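Okay, everyone, thanks for coming.

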Amino acid sequence: MLVEEIEKNYNKLGIEIIETIYTDDYLSIGGTASTEDLAVLAGVTQQSRVLEIGSGVGGPSLHLAATYGCSVVGLDLVETNVAEANERAKARQLDHLVSFRQGDALDLPFAGGAFDVIWGQDAWCHVPDKAKLIAEIGTVLAPGGTVAFTDWIETGPIEGKAREDMLAAMAAPNIATLDDYKRYLESNGCTVVHQENVSDLFVSQYRAIMSRLAEMRETLSKRFSPRIFEIVVERNNCILEAFQCGALGGGRVVARKR
Ligand SMILES: C[S@@+](CC[C@H](N)C(=O)[O-])C[C@H]1O[C@@H](n2cnc3c(N)ncnc32)[C@H](O)[C@@H]1O
(Lines give C-alpha, C1' and ligand atoms only; values in the text may rest on other atoms or scores of the structure.)
Protein backbone atom coordinates (compact mmCIF):
# COMPACT_ATOMS: atom_id res chain seq x y z
CA MET A 1 0.00 0.00 0.00
CA LEU A 2 1.23 3.49 -0.95
CA VAL A 3 1.10 5.12 2.52
CA GLU A 4 3.02 2.23 4.12
CA GLU A 5 5.69 2.28 1.41
CA ILE A 6 6.21 6.03 1.76
CA GLU A 7 6.08 5.85 5.58
CA LYS A 8 8.91 3.29 5.56
CA ASN A 9 11.10 5.91 3.91
CA TYR A 10 9.77 8.99 5.70
CA ASN A 11 9.17 7.73 9.24
CA LYS A 12 10.63 9.74 12.15
CA LEU A 13 14.00 7.97 11.95
CA GLY A 14 14.14 8.34 8.16
CA ILE A 15 13.40 12.06 8.44
CA GLU A 16 16.08 12.57 11.08
CA ILE A 17 18.67 10.83 8.90
CA ILE A 18 17.67 12.69 5.74
CA GLU A 19 17.65 16.10 7.44
CA THR A 20 21.07 15.37 8.96
CA ILE A 21 22.66 14.57 5.61
CA TYR A 22 20.73 17.13 3.53
CA THR A 23 19.97 20.36 5.36
CA ASP A 24 17.57 21.55 8.08
CA ASP A 25 13.86 21.52 7.18
CA TYR A 26 14.55 19.90 3.81
CA LEU A 27 13.99 16.37 2.59
CA SER A 28 15.27 17.37 -0.85
CA ILE A 29 18.85 17.98 -1.95
CA GLY A 30 18.69 21.57 -3.24
CA GLY A 31 17.52 23.30 -0.03
CA THR A 32 16.57 26.98 0.03
CA ALA A 33 18.64 27.78 -3.08
CA SER A 34 16.44 25.46 -5.11
CA THR A 35 13.29 27.02 -3.57
CA GLU A 36 14.53 30.52 -4.41
CA ASP A 37 15.43 29.68 -8.03
CA LEU A 38 12.02 28.15 -8.60
CA ALA A 39 10.15 30.96 -6.81
CA VAL A 40 11.71 33.53 -9.15
CA LEU A 41 10.79 31.49 -12.23
CA ALA A 42 7.26 30.93 -10.90
CA GLY A 43 6.78 34.62 -10.04
CA VAL A 44 5.62 33.99 -6.45
CA THR A 45 4.30 37.17 -4.79
CA GLN A 46 2.69 38.09 -1.49
CA GLN A 47 -0.71 37.60 -3.15
CA SER A 48 0.01 34.03 -4.28
CA ARG A 49 -2.07 31.24 -2.79
CA VAL A 50 0.42 28.37 -2.88
CA LEU A 51 -0.16 24.64 -2.52
CA GLU A 52 2.93 22.50 -1.98
CA ILE A 53 2.30 18.84 -2.81
CA GLY A 54 4.62 16.54 -0.88
CA SER A 55 5.63 19.13 1.71
CA GLY A 56 7.72 16.92 4.02
CA VAL A 57 8.65 18.69 7.25
CA GLY A 58 7.98 22.07 5.68
CA GLY A 59 11.25 23.38 4.17
CA PRO A 60 9.97 24.94 0.92
CA SER A 61 6.57 26.07 2.30
CA LEU A 62 8.07 27.74 5.36
CA HIS A 63 10.71 29.45 3.23
CA LEU A 64 8.14 30.78 0.74
CA ALA A 65 5.89 32.15 3.51
CA ALA A 66 8.82 33.72 5.39
CA THR A 67 10.32 35.27 2.24
CA TYR A 68 7.27 36.39 0.28
CA GLY A 69 4.58 36.65 2.96
CA CYS A 70 2.31 34.50 0.77
CA SER A 71 -0.21 31.97 2.06
CA VAL A 72 0.83 28.34 1.71
CA VAL A 73 -0.87 25.01 2.27
CA GLY A 74 1.42 22.01 2.44
CA LEU A 75 0.02 18.55 1.75
CA ASP A 76 1.80 15.35 2.69
CA LEU A 77 0.86 11.71 2.84
CA VAL A 78 2.67 11.07 6.13
CA GLU A 79 0.90 12.26 9.28
CA THR A 80 4.10 12.62 11.35
CA ASN A 81 5.57 14.96 8.69
CA VAL A 82 2.42 17.06 8.80
CA ALA A 83 2.51 17.32 12.61
CA GLU A 84 6.21 18.22 12.59
CA ALA A 85 5.76 20.84 9.84
CA ASN A 86 2.84 22.46 11.71
CA GLU A 87 4.96 22.64 14.87
CA ARG A 88 7.77 24.34 12.96
CA ALA A 89 5.31 26.84 11.45
CA LYS A 90 4.04 27.66 14.93
CA ALA A 91 7.51 27.92 16.47
CA ARG A 92 8.50 30.43 13.77
CA GLN A 93 5.26 32.37 14.06
CA LEU A 94 4.36 31.58 10.49
CA ASP A 95 1.21 29.65 11.30
CA HIS A 96 -1.01 32.55 10.24
CA LEU A 97 0.39 32.05 6.71
CA VAL A 98 1.24 28.34 6.45
CA SER A 99 -0.63 25.21 7.41
CA PHE A 100 0.04 21.58 6.67
CA ARG A 101 -2.48 18.81 6.23
CA GLN A 102 -2.44 15.12 5.55
CA GLY A 103 -3.63 13.96 2.15
CA ASP A 104 -2.80 12.12 -1.03
CA ALA A 105 -1.48 13.89 -4.12
CA LEU A 106 -3.74 11.61 -6.16
CA ASP A 107 -6.92 12.80 -4.45
CA LEU A 108 -6.44 16.49 -3.67
CA PRO A 109 -8.89 17.60 -0.96
CA PHE A 110 -9.39 21.16 -2.28
CA ALA A 111 -11.99 23.12 -4.23
CA GLY A 112 -11.52 23.76 -7.97
CA GLY A 113 -9.33 26.79 -8.72
CA ALA A 114 -8.33 27.26 -5.05
CA PHE A 115 -4.62 27.99 -5.72
CA ASP A 116 -2.51 30.31 -7.88
CA VAL A 117 0.72 28.31 -7.54
CA ILE A 118 1.12 24.56 -7.22
CA TRP A 119 4.57 23.74 -5.93
CA GLY A 120 6.57 20.50 -5.95
CA GLN A 121 10.14 20.06 -4.74
CA ASP A 122 11.55 16.62 -5.54
CA ALA A 123 8.40 14.90 -4.26
CA TRP A 124 6.40 13.87 -7.28
CA CYS A 125 8.73 11.01 -8.25
CA HIS A 126 7.10 9.12 -5.34
CA VAL A 127 3.59 9.40 -6.79
CA PRO A 128 2.56 6.24 -8.67
CA ASP A 129 0.26 7.81 -11.28
CA LYS A 130 1.87 11.03 -12.48
CA ALA A 131 -0.71 11.60 -15.23
CA LYS A 132 -3.45 11.58 -12.58
CA LEU A 133 -1.39 13.84 -10.31
CA ILE A 134 -1.18 16.47 -13.05
CA ALA A 135 -4.90 16.09 -13.81
CA GLU A 136 -5.66 16.73 -10.11
CA ILE A 137 -3.37 19.76 -10.19
CA GLY A 138 -5.16 21.10 -13.27
CA THR A 139 -8.40 21.04 -11.28
CA VAL A 140 -7.28 22.91 -8.15
CA LEU A 141 -5.21 25.48 -10.07
CA ALA A 142 -6.95 28.80 -10.87
CA PRO A 143 -7.00 29.98 -14.51
CA GLY A 144 -3.75 31.86 -15.22
CA GLY A 145 -2.13 30.02 -12.28
CA THR A 146 1.30 28.40 -12.25
CA VAL A 147 2.60 24.88 -11.72
CA ALA A 148 6.26 24.99 -10.61
CA PHE A 149 8.29 21.97 -9.64
CA THR A 150 11.62 20.24 -9.53
CA ASP A 151 11.78 16.47 -9.64
CA TRP A 152 14.03 13.48 -10.16
CA ILE A 153 13.53 12.44 -13.76
CA GLU A 154 14.54 9.66 -16.11
CA THR A 155 17.29 10.90 -18.42
CA GLY A 156 18.64 7.70 -19.96
CA PRO A 157 18.13 3.95 -20.23
CA ILE A 158 18.36 1.74 -17.17
CA GLU A 159 16.88 -1.75 -17.14
CA GLY A 160 16.49 -4.92 -15.09
CA LYS A 161 17.94 -5.16 -11.59
CA ALA A 162 19.75 -1.82 -11.81
CA ARG A 163 16.41 -0.13 -12.51
CA GLU A 164 14.65 -1.99 -9.69
CA ASP A 165 17.43 -1.11 -7.24
CA MET A 166 17.37 2.55 -8.27
CA LEU A 167 13.59 2.82 -7.86
CA ALA A 168 13.71 1.01 -4.50
CA ALA A 169 16.49 3.32 -3.25
CA MET A 170 14.43 6.34 -4.33
CA ALA A 171 11.17 4.93 -2.87
CA ALA A 172 9.66 5.64 -6.28
CA PRO A 173 7.21 3.30 -8.05
CA ASN A 174 8.26 4.69 -11.45
CA ILE A 175 9.94 7.74 -12.87
CA ALA A 176 8.85 10.26 -15.50
CA THR A 177 10.84 12.02 -18.20
CA LEU A 178 10.60 15.77 -18.80
CA ASP A 179 8.64 14.97 -21.97
CA ASP A 180 6.15 12.87 -19.96
CA TYR A 181 5.52 15.81 -17.65
CA LYS A 182 5.17 18.18 -20.60
CA ARG A 183 2.59 15.88 -22.20
CA TYR A 184 0.57 15.56 -18.98
CA LEU A 185 0.61 19.33 -18.42
CA GLU A 186 -0.36 20.20 -21.98
CA SER A 187 -3.27 17.77 -21.89
CA ASN A 188 -4.55 19.37 -18.66
CA GLY A 189 -4.88 22.93 -19.93
CA CYS A 190 -1.35 24.11 -19.07
CA THR A 191 1.38 25.58 -21.28
CA VAL A 192 4.97 24.78 -20.34
CA VAL A 193 6.90 28.07 -20.16
CA HIS A 194 10.13 26.73 -18.69
CA GLN A 195 11.56 23.22 -18.97
CA GLU A 196 15.13 22.69 -17.83
CA ASN A 197 17.35 19.69 -17.39
CA VAL A 198 19.20 20.43 -14.14
CA SER A 199 20.91 17.03 -13.92
CA ASP A 200 24.43 18.49 -13.65
CA LEU A 201 23.36 20.51 -10.64
CA PHE A 202 21.64 17.49 -9.04
CA VAL A 203 24.73 15.31 -9.59
CA SER A 204 27.06 17.87 -8.00
CA GLN A 205 24.69 18.35 -5.06
CA TYR A 206 24.44 14.59 -4.62
CA ARG A 207 28.23 14.17 -4.72
CA ALA A 208 28.53 16.83 -2.00
CA ILE A 209 25.97 14.93 0.09
CA MET A 210 27.92 11.69 -0.31
CA SER A 211 31.13 13.39 0.85
CA ARG A 212 29.30 14.80 3.85
CA LEU A 213 27.91 11.36 4.59
CA ALA A 214 31.41 9.84 4.55
CA GLU A 215 32.65 12.54 6.96
CA MET A 216 29.75 11.80 9.30
CA ARG A 217 30.43 8.05 9.52
CA GLU A 218 31.37 8.08 13.19
CA THR A 219 28.70 10.53 14.34
CA LEU A 220 25.90 8.82 12.44
CA SER A 221 27.00 5.30 13.44
CA LYS A 222 26.92 6.39 17.08
CA ARG A 223 23.66 8.29 16.84
CA PHE A 224 21.76 5.63 14.86
CA SER A 225 23.81 2.42 14.50
CA PRO A 226 26.68 1.20 12.30
CA ARG A 227 24.23 -1.04 10.39
CA ILE A 228 21.83 1.84 9.73
CA PHE A 229 24.76 3.95 8.54
CA GLU A 230 25.78 1.17 6.10
CA ILE A 231 22.22 0.89 4.75
CA VAL A 232 22.10 4.66 4.19
CA VAL A 233 25.43 4.54 2.35
CA GLU A 234 24.40 1.56 0.18
CA ARG A 235 21.15 3.20 -0.77
CA ASN A 236 22.69 6.55 -1.58
CA ASN A 237 25.51 4.93 -3.56
CA CYS A 238 22.91 3.19 -5.69
CA ILE A 239 21.27 6.56 -6.40
CA LEU A 240 24.63 8.23 -7.09
CA GLU A 241 25.49 5.47 -9.61
CA ALA A 242 22.17 6.05 -11.40
CA PHE A 243 22.94 9.79 -11.52
CA GLN A 244 26.50 9.20 -12.75
CA CYS A 245 25.53 6.76 -15.51
CA GLY A 246 23.05 9.32 -16.87
CA ALA A 247 19.90 7.28 -16.17
CA LEU A 248 18.69 9.57 -13.40
CA GLY A 249 18.69 13.35 -13.40
CA GLY A 250 16.85 16.43 -12.32
CA GLY A 251 14.21 18.55 -13.99
CA ARG A 252 12.78 22.00 -13.33
CA VAL A 253 9.46 22.91 -14.89
CA VAL A 254 7.13 25.90 -14.85
CA ALA A 255 3.77 25.83 -16.63
CA ARG A 256 0.81 28.24 -16.80
CA LYS A 257 -2.82 27.27 -16.85
CA ARG A 258 -4.51 28.66 -19.93
C1 LIG B 1 11.67 14.04 -1.04
S2 LIG B 1 10.46 14.55 0.12
C3 LIG B 1 10.39 16.29 -0.27
C4 LIG B 1 9.71 17.11 0.79
C5 LIG B 1 9.75 18.62 0.55
N6 LIG B 1 9.20 18.96 -0.74
C7 LIG B 1 11.15 19.15 0.67
O8 LIG B 1 11.70 19.63 -0.34
O9 LIG B 1 11.72 19.07 1.76
C10 LIG B 1 8.96 13.90 -0.57
C11 LIG B 1 7.71 14.06 0.29
O12 LIG B 1 6.58 13.67 -0.49
C13 LIG B 1 5.64 13.00 0.34
N14 LIG B 1 4.78 12.16 -0.51
C15 LIG B 1 5.11 11.03 -1.17
N16 LIG B 1 4.05 10.55 -1.83
C17 LIG B 1 3.02 11.40 -1.60
C18 LIG B 1 1.66 11.44 -2.02
N19 LIG B 1 1.12 10.49 -2.80
N20 LIG B 1 0.89 12.47 -1.59
C21 LIG B 1 1.39 13.44 -0.78
N22 LIG B 1 2.68 13.43 -0.35
C23 LIG B 1 3.48 12.44 -0.75
C24 LIG B 1 6.53 12.21 1.30
O25 LIG B 1 5.85 11.83 2.46
C26 LIG B 1 7.68 13.19 1.55
O27 LIG B 1 7.44 13.98 2.67
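So, one term before anything else: a residue is buried if 20 or more other C-beta atoms lie within 10 Å of its own, exposed if 12 or fewer, and partly exposed in between, with C-beta atoms placed from the backbone. Two bits of housekeeping as well. What you see is a predicted model, where local features need pLDDT of at least 70, side-chain atom pairs count only at pLDDT 80 or more, and totals for chains, interfaces and linings use all residues. Residues are numbered from 1 along each chain as its sequence is written.

Asp122 has 23 other C-beta atoms within 10 Å, so Asp122 is buried. You'll find Asp122 in the loop between β4 (115–121) and α6 (130–140). Those labels come from DSSP: helices are H or I runs of at least four residues, strands are E runs of at least two, and both are numbered from the N terminus.

Now for the backbone. Most residues other than glycine have a negative phi. Asp122, though, has a positive phi, near 55 degrees. Asp25 has a positive phi too, near 75 degrees. Asp25 is in the loop between α2 (12–21) and α3 (31–42), and with 21 other C-beta atoms within 10 Å, Asp25 is buried.

On to the ligand. Which residues come nearest to the ligand? Out of 23 residues around the ligand, the nearest are Ser28, Gly54, Gly56, Ala105 and Ala123. Being near here means that the C-beta atom, placed from the backbone, lies within 6 Å. Two elements give two or more residues to that shell, α4 (59–68) and β2 (71–76). By class, the shell has twelve nonpolar, eight polar and three charged residues. For the classes, Ala, Val, Leu, Ile, Met, Phe, Trp, Tyr, Cys and Pro count as nonpolar, Asp, Glu, Lys and Arg as charged, and the others, Gly among them, as polar.

Next, the core. A nonpolar core is a set of buried Ala, Val, Leu, Ile, Met, Phe, Trp, Tyr and Cys residues joined through C-beta atoms within 7 Å. The largest one has 65 residues, and Leu51 and Val147 are among those with the most contacts inside it. Strand β5 (residues 141–154) gives the most to this core, with six residues. Two residues are in contact if their C-beta atoms, placed from the backbone, lie within 7 Å. Leaving aside neighbours within four places in sequence, the contacts of Leu51 include Val73, Phe110 and Trp119.

Last stop, helix α11 (residues 226–244). How far should the 19 residues of α11 span? At 1.5 Å times one less than the number of residues, α11 should span 27 Å, and its end C-alpha atoms are 26 Å apart, which agrees. The buried residues of α11 are Phe229, Ala242 and Phe243. They cover an arc of only 155 degrees around the axis, which puts them on the same side of α11; that arc is taken from the directions from the helix axis to the C-beta atoms. On the other side of α11, the exposed residues are Pro226, Arg227, Glu230, Glu234 and Gln244.

What do the buried residues of α11 pack against? They pack against α7 (160–170), α9 (199–215), α10 (217–223) and β7 (248–257). Over in α7 sits Met170, which touches Cys125, Trp152 and Ile239, not counting residues up to four places away in sequence. Met170 and Ile239 are 69 residues apart in sequence, yet 7.2 Å apart in space, C-alpha to C-alpha.
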